Amino acid sequence: MALLDIQDLQTWFDTRAGVVKAVDGVTLSVDRGETVALVGESGSGKSVTAYSILRLIPRTQGRIAGGRILFDGTDLVTLPEAGIRALRGNRISMIFQEPLSALNPVLSIGSQIAEAIRLHRPVDRQTAWSQAVQLLDRVGIPMARRRADDFPHQLSGGMRQRVVIAIALACEPELLIADEPTTALDVTTQAQILELLQELQAERGMGLLLITHDLGVVAEVADRAAVMYAGRVVEQGTVAQLFDAPAHPYTAGLLASMALGELVPGSRLPEIAGTVPSLLDMPAGCAFAPRCTQARTACAASRPSLDAVGQGEAHRVACFLPLADPVASREALRAAA
Ligand SMILES: Nc1ncnc2c1ncn2[C@@H]1O[C@H](COP(=O)(O)OP(=O)(O)O)[C@@H](O)[C@H]1O
Ligand SMILES: [Mg+2]
């Protein structure tokens with residue numbers, strides 16, 4: 001059984017303008033000890049997917065309209081509130097997209113970690129404090145014992161991000177969701193933080209769902225990846241499958257405009273001609289069809305399901321005309337661009 005198994009998730013927001021289908025068909029899984037990247041352009045629904053897993057979508061704004069989120073076999077969509085609260089920050093932790101605002105400015109970093117421990121563990125203050133110091137040391141804060149008394153503003157951005165990671169790890173989660181954990185950092189610090197996350201993931205056998213818009217990060221740290229477009233997963237597979245033989249024209253398009261040498265963390269997602277459809281008014285068929293150079297009439301008529309490419313289940317694509325010869329198609333797309 002996968003640690004996390006999301007099936008056809010739909011998270012919609014009811015707005016004055018209509019129903020925003022921010023997530024409308026996300027299927028992905030994360031195993032123990034595995035790093036899975038969720039990659040997509042800004043606004044494609046990555047954060048809403050992450051918030052949905054932890055049921056952090058405010059009821060007054062939106063709802064999970066369909067699908068299942070199985071965590072170790074339990075459906076989080078239907079789990080009572082008390083059950084989800086017991087999991088949050090405990091068996092499942094999240095590093096938010098804006099980590100610096102995740103810290104409380106008026107509490108020392110040591111006490112913020114100790115508090116996170118005591119929320120789920122029956123330990124006394126002193127024990128929690130010494131565990132907090134150990135965690136600070138593990139995430140690479142020099143002189144952790146002394147620095148534990150520091151307030152967030154006394155630390156650099158990279159050091160603060162390490163503290164945020166320490167808080168996320170406080171209760172030894174089985175699943176860590178990291179939403180663009182390095183976006184706000186300079187390139188050198190980005191690399192160090194990614195390396196730290198990889199080390200911790202391997203050392204603790206956690207499942208890591210790494211959300212990013214950066215294909216370089218995917219290439220460097222992920223085992224598998226799911227590519228999102230306009231609220232849907234359009235392709236998923238091992239990193240090798242996606243980068244060497246993309247089957248979805250959107251994935252191929254992203255890769256085509258990047259030379260292999262550009263696949264280093266910090267590079268931006270390339271631009272593809274056309275615009276993403278409005279989430280308020282999605283086309284009936286494939287969401288990418290209006291921008292797709294391969295599209296035929298069928299593509300606008302109905303939605304393709306996420307089906308296996310070739311043998312095995314690992315590589316899956318939602319496309320009526322998956323690229324049969326991805327290398328040739330990449331060249332064709334490049335020529336058309
Ligand atoms: N509370 C909300 N009400 C209405 N629309 C929302 C709300 N939260 C997110 N959205 C919309 O959902 C879409 C996906 O957002 P998000 O998941 O944050 O994208 P990403 O993380 O991929 O950049 C965006 O178009 C965003 O405007
Ligand atoms: Mg986001």
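Predicted model: local features only at pLDDT ≥ 70, side-chain atom pairs only at ≥ 80, totals over all residues.
## The four-stranded sheet

One open sheet is built from four strands, whose order is S2-S1-S4-S5 and whose pairing is antiparallel. Its edges are formed by strand S2 (18–30) and strand S5 (74–75), each of which pairs on one side only. Within S2, valine 19 stands opposite aspartate 14.

Helix H1 (residues 46–53) packs on this sheet, where it touches S1, S2 and strand S4 (62–71). The direction of helix H1 makes about 110 degrees with that of S1.

## The eight-stranded sheet

A second open sheet contains eight strands. Their order is S6-S7-S8-S3-S9-S10-S12-S11, and here the pairing is mixed. Strand S6 (92–95) lies at one edge and strand S11 (307–308) at the other; each pairs on one side only.

Which sense do strands S7 and S8 follow relative to each other, parallel or antiparallel? Strand S7 (residues 175–179) and strand S8 (residues 207–212) run parallel, and five bridges join them. Across this pair, leucine 176 stands opposite leucine 208, the latter being in S8.

Helix H6 (residues 157–169) lies across strands S6 and S7. Relative to S6, helix H6 runs at about 165 degrees. Strand S6, as noted above, is an edge strand of the eight-stranded sheet.

Terms used:
Residues numbered from 1 in each chain as written. Chains lettered and ligands numbered in written order. Heavy atoms only, no water. Pairing = 2+ DSSP bridges. Helix = DSSP H or I, 4+ residues; strand = E, 2+ residues; numbered from the N terminus. Contact = heavy atoms within 4.5 Å. Axes fitted to C-alpha atoms, helices over the stretch in contact; angles between N-to-C directions.
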